[in-house]
Amino acid sequence: MGLKKKKEIQVDAFVLDHQQLERLRSFADAEGQNLASLLLRGLQLPDGIQQIHCIKQIVPLLEKMDTSCLGDPIIKSCLDILAAMFLSLDVKNPLKKVLASSLNSLPELTVAEATHSFVDCLREELKTTDLSQYRKIMDNLASCMENISIGKSSVYILFKEALHFLQKSLLETEEENRKFSGNRIAQTRLMHDLLMGVKVSMMLIQKIQENIQENIWKKLDSPIWQSMCGLLNSFTCFLVNVDLLQTVQTTAGLAVVLFTKTMFEPAEKLPCLISDLLLGSLKSSDIPEWFLDNCGSLCLAEISDSVLLFLCHGALAMLEWKNGSMGQNGEKLLLDIAMTLLILSTRLKESVMAASLSRILSVWTNSALDVLQSSSDNLKFGLNGNSDMMGKMLDYVYAHWEHPLDAVRHQTKLIFKNLLQIHHATVKGSVVKLDSFFLGLTESLLSLEWHVKGKYSSLGCLVECVGVENILAMDRTIPAQILDAMSDQSFAPYASDLLETMFMNHKRHLTSVLEGDNWIDNWHETWVSPLLLILCDGNPEQATYVTDYYLPKLLKCSPECLNYMIKILQTSAESNVGSCSTRGSLGALMACLRTARAHGHLQFTDMMHGSLVSVGCIKQGLVHQHDQVRIDALGLLCESHRSTEIISIEEMQLIEFFIKYNLNSQSPAVRQQICSLLKKLFCRIYESSQTVHKMQQMKSKQGPLKQSIMWDPLTTLQQYKDFMSSLCGILFEALFPGSSHPTRFIALTLLGIIAGIFPISEGQSQELFQIAQEFGPTRVQTLLHCFASTFEEVKILAFELLMKLHPALSYLQDSEKLQPLFQVAMQLSTSIKPYDCVTASYLLNFLIHRKDLLKVCFKNNPLLGTFQPDEDMFAHPDISADPVEENTLAVIKHLLETVEEEIFQAEKSLLQAAASFPMYGRVHCITGALHQLPLNNLTRILEWKEIVAKLILMSYKLSAVVSPVVQSSSPEGLIPMDTDSDTSERLQLILCEIQPCDTNNYFSEVKLLKEHCRIDCVKESAEHICPENRDFNMKIDLGTKPQGLLVYTLIHSL
């Protein structure tokens, strides 16, 4: 497993302007040791990361100063540059964060001077009238208030100027947004600027305003008050403007409540104002004039549903709900907000608004819990679980716990959980177990069908609130009912989560009331026994989902329950072995052991040495009638939570035992699982062998005394080699002529996996397994014989395996062995059996990768001599770096010449072509050769141009020749196999369609032909033409460049 490459961090450097540069130069000392020299040297560096190292040296240098340095112009100039630097850097630049950290660490002596520098720089920024700079200044204000104390002090000093800037920037940005109506990109950018402006305004009030004396700004004619009124007016406009982004509207709702809270007097009447605003019962006599002037659209007109929602959110987020600070007016506001939200929930159905409403309702429940800590009895009565308000809240939960949106479902669960806590807070001190609300709610939930997904999360919340014992007391079969619901995979995750909540709560309860291990029998009986019943006799899907979802969580909670499972299942294994349709106790045991080992709760060596399970028992599982039992038994051997865990001798023997009896599996799914699990085993062997090999190398460096007492790694490595060699032998034996398709599929797949995991590499230690040593002449011949299989996936697997190993196949280093294979491929390419040409294609593709193929063909096949690619090829064998291209070129030339001759003969008689030389085989071989050719990296461009031209012309000629068959009224081509009169009449009609293209009267009368004389073969030739041209045109250059393979003149001639 390779290490992930670490991403390089790019930091933009700060560039000094000319004036700053000259100032630093004027103050730099000759030795280059003072602060100006350090800044000058560091800030002239072109790399931001190097500048970061420079900034980190500033504070240590300043700490060396004493009081005599106060007022030093060098210090002042350097602090001015640092302030300008901080305000000029982008907010996301890491250099800005490092600078903020350094400024926070400035010595106390320099803080006042640094603050003065910040104030001067920030004041100049706040005076700007350039709209394009507004967002940068907003970011700087936020950075000053968030990151550095000096910046916060500076903003405090410039509070009035900052408010004025924000008021001006929001007005101008909103106007600019209106001008760009219809330009979505520009409007989106401007609306995000508005959002930032609203957030910074709120930050300014929350962090700075509280330190401003009220008698200074709470005057109707003061500049600060006027700016705040202007901002409140802007926020109100944003809140009701449906053309803005919803995030802008939501944040504006927060800002309206925050500014109103800050400006409104007396504070105790603020909840009444917001209640009347939400309920639409405001009276003009009760509204302050400044509020009416700036929030008139909220007071005088009917408020839309979305605005009501955002105002509710603002009230919940911005008002102080803890400690009962708002008194009974605050309690009334809390109930009014709840009622407003519940009404809105029946009207706001659009997904985004529904998600927002669910989130705000969740916030309301948190606020209610805060208020209940010191609330009146009236509020407790109004929020009791049996109250009308709580009933409506529960109705909302029931209506939305299966909402299509994940966000709504998640918030609904939080709401329900908080509602339980709210009721608990209203009856604090009473016995929860006897509470009528909880009892009624539990009965109501349990009465629902288990196909209601919301039931699971709600029951989980109820368990956490009242304890699982109170729920089990009502029905002890609940665990079994939940397990039954896991027969449907869509409910399995919900059911397993609920069961986990219940059995963990149960364990905590039992361990708190019972001493020692007295609790464990009760817990096993409740949670483990129902599981074992399903694993033994449940339906396959249910057993699978319970094993995948529930069993790992159960073992994680109580690993010791594995011993209980083994004891119970082994006791009943003899009487309940299982069958082809049921797992039985043995199958359940294999599933439990496999899961336990895969999750690290069981070591195979501990299982063997501790006599938990016998080898004979595992063997029974490996040859069980039930597919899943065999897979679980194999998974027990192959899966481990440690990728380098050493494989024991017993495991190797059991794997060989499994392979011998399971290669002929008829189920494709089982075959895939077998290969997947064994791949995990092979990977573990490879990883652990690497580890053991390193241990051996370390051991060889130690003294003989230590060597004598340590475990011998060489023994393990030799066991690995013997095991892998034996396994390869078993797999090759399974490829005997006449072996079944499933057997060949598994054997070839596993051999391919082994070849991929144990790659051929030069210089590999002889102590490690090397796959190339397992491929002798006989085994290579066995793989080549697999090309003759009628199943193409067997051909593919054999071809891929040979290609992985072909550099190390010494058997084919003898060039004389290539000629017979090449001749066989050519003979098969003209066979009248369609699958023979597929065999020929794979054989040719394999031979094309042999370096000596071309030389052998020239020597023994005179036909190829006329298609010699380069007369100097043999004199200069290194003329092409890739022998694949040379071989492909020669083979295609040979096939092309043969096809052209066959087309000439087919023009005389299609029927004779079909019986003697069907052309589709040659075409298929050409297509196969082209598919593996690297078309983007060719070297013999001129010759390929010639070949491409011939291929295209050949394709159109072939298309013209076979068109009578393809275009006949027979959907499958002409297959004259039947002897009855009706079929003969039909055949006569088809022959009449074809006859005009036949020149030797083969179709003058109906002939009853044998099966091998089928004309549908020429139809297959046509079916190869279109893909061939398509693939070529997709891969090669069709442009006007000189190196392009196709030229305009060729296309024009077609």
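**Burial, salt bridges and a pocket in a predicted model**

User: Why does Met502 count as buried?

Analyst: Met502 has a relative accessibility of 2%. Buried means under 20% relative accessible area, so Met502 counts as buried. The model is a predicted one, and the value is computed from it.

User: Where is Met502 placed, and which residues does Met502 touch?

Analyst: Met502 is in helix H28. Leaving aside residues up to four places away in sequence, Met502 touches Val463, Val468, Ile478, Ile482 and Trp527. The term rests on heavy atoms within 4.5 Å. For Met502 and Glu464, the C-alpha atoms are 8.2 Å apart in space, while the two residues are 38 residues apart in sequence.

User: What makes the link between Lys136 and Glu125 a salt bridge?

Analyst: The N to O distance between the side chains of Lys136 and Glu125 is 3.2 Å. A salt bridge requires a side-chain nitrogen of Lys or Arg within 4 Å of a carboxyl oxygen of Asp or Glu, and the pair therefore qualifies. Lys136 belongs to helix H8 (residues 134–147) and Glu125 to helix H7 (residues 108–126), the two being 11 residues apart.

User: Are Lys136 and Glu125 buried or exposed?

Analyst: Lys136 has a relative accessible area of 29%. Partly exposed covers what lies between the buried limit of 20% and the exposed limit of 50%, so Lys136 is partly exposed. Glu125 is at 16% relative accessibility and therefore counts as buried.

User: How do you know that Asp632 forms a salt bridge with Arg594?

Analyst: The closest N and O atoms of Asp632 and Arg594 are 2.8 Å apart, and the limit for a salt bridge is 4 Å. Because Asp632 lies in helix H36 (residues 627–638) and Arg594 in helix H33 (residues 584–598), the pair ties together parts that are 38 residues apart in sequence. Asp632 and Arg594 are both buried.

User: With which other residue does Arg594 form a salt bridge?

Analyst: Arg594 also forms a salt bridge with Glu639, where the closest N and O atoms are 2.8 Å apart. This pair links distant parts of the chain, 45 residues apart: Arg594 is in helix H33, whereas Glu639 is in the loop between H36 and helix H37 (649–662). Arg594 has a relative accessible area of 17% and is therefore buried; Glu639, at 11%, is buried too. Through shared partners, salt bridges join Arg583, Arg594, Asp632, Glu639 and Lys680 into one network. The structure holds 31 salt bridges.

User: What makes helix H2 mostly covered?

Analyst: Of the 9 residues in helix H2 (residues 35–43), 8 are buried. These are Leu35, Ala36, Ser37, Leu38, Leu39, Leu40, Gly42 and Leu43. Their cover includes helix H1 (18–27), helix H3 (48–55), helix H4 (58–63) and helix H5 (73–88).

User: Why is Thr749 called buried?

Analyst: The relative accessibility of Thr749 is 16%, so Thr749 counts as buried under the limit of 20%. Thr749 is placed in helix H41 and touches Cys675 and Leu797, residues up to four places away not being counted. Helix H41 (741–757) is also among the elements covering the buried residues of H42, along with helix H40 (713–733), helix H43 (792–805), helix H44 (818–828) and helix H45 (834–848). In helix H42 (residues 777–785), the buried residues include Val780, Thr782, Leu783 and Leu784.

User: What volume does the largest pocket have, and which residues are closest to its centre?

Analyst: The volume of the largest pocket is about 450 Å³. Its lining comprises 20 residues, and Lys413, Lys453, Tyr456, Ser457 and Tyr494 are the closest to its centre. Helix H23 (406–426), helix H25 (453–466) and helix H28 (492–513) each contribute at least two lining residues.

User: How do the lining residues of the largest pocket divide by kind?

Analyst: The lining has 6 nonpolar, 6 polar and 8 charged residues.

User: What secondary structure does the chain have, and how much of the chain is buried?

Analyst: The chain has 54 helices and 0 strands. Of its 1054 residues, 52% are buried. The accessible surface is about 49,200 Å², and carbon and sulfur atoms account for 53% of that surface. Among contacts between residues at least 6 apart in sequence, 73% join residues at least 24 apart.

Conventions:
Residues numbered from 1 in each chain as written. Predicted model: local features only at pLDDT ≥ 70, side-chain atom pairs only at ≥ 80, totals over all residues. Heavy atoms only, no water. 1 Å grid on protein atoms, 1.4 Å probe; cavity = no way out; pocket = protein on both sides within 12 Å on 5 of 7 lines; lining within 4 Å. Points joined across faces, edges and corners; volume = space filled by probe spheres on them. Helix = DSSP H or I, 4+ residues; strand = E, 2+ residues; numbered from the N terminus. Nonpolar A, V, L, I, M, F, W, Y, C, P; charged D, E, K, R; others polar. Buried < 20%, exposed > 50% of the residue type's maximum accessible area, 1.4 Å probe, protein only. Areas by Shrake-Rupley, 256 points an atom, 1.4 Å probe, with all protein chains shown as cover.
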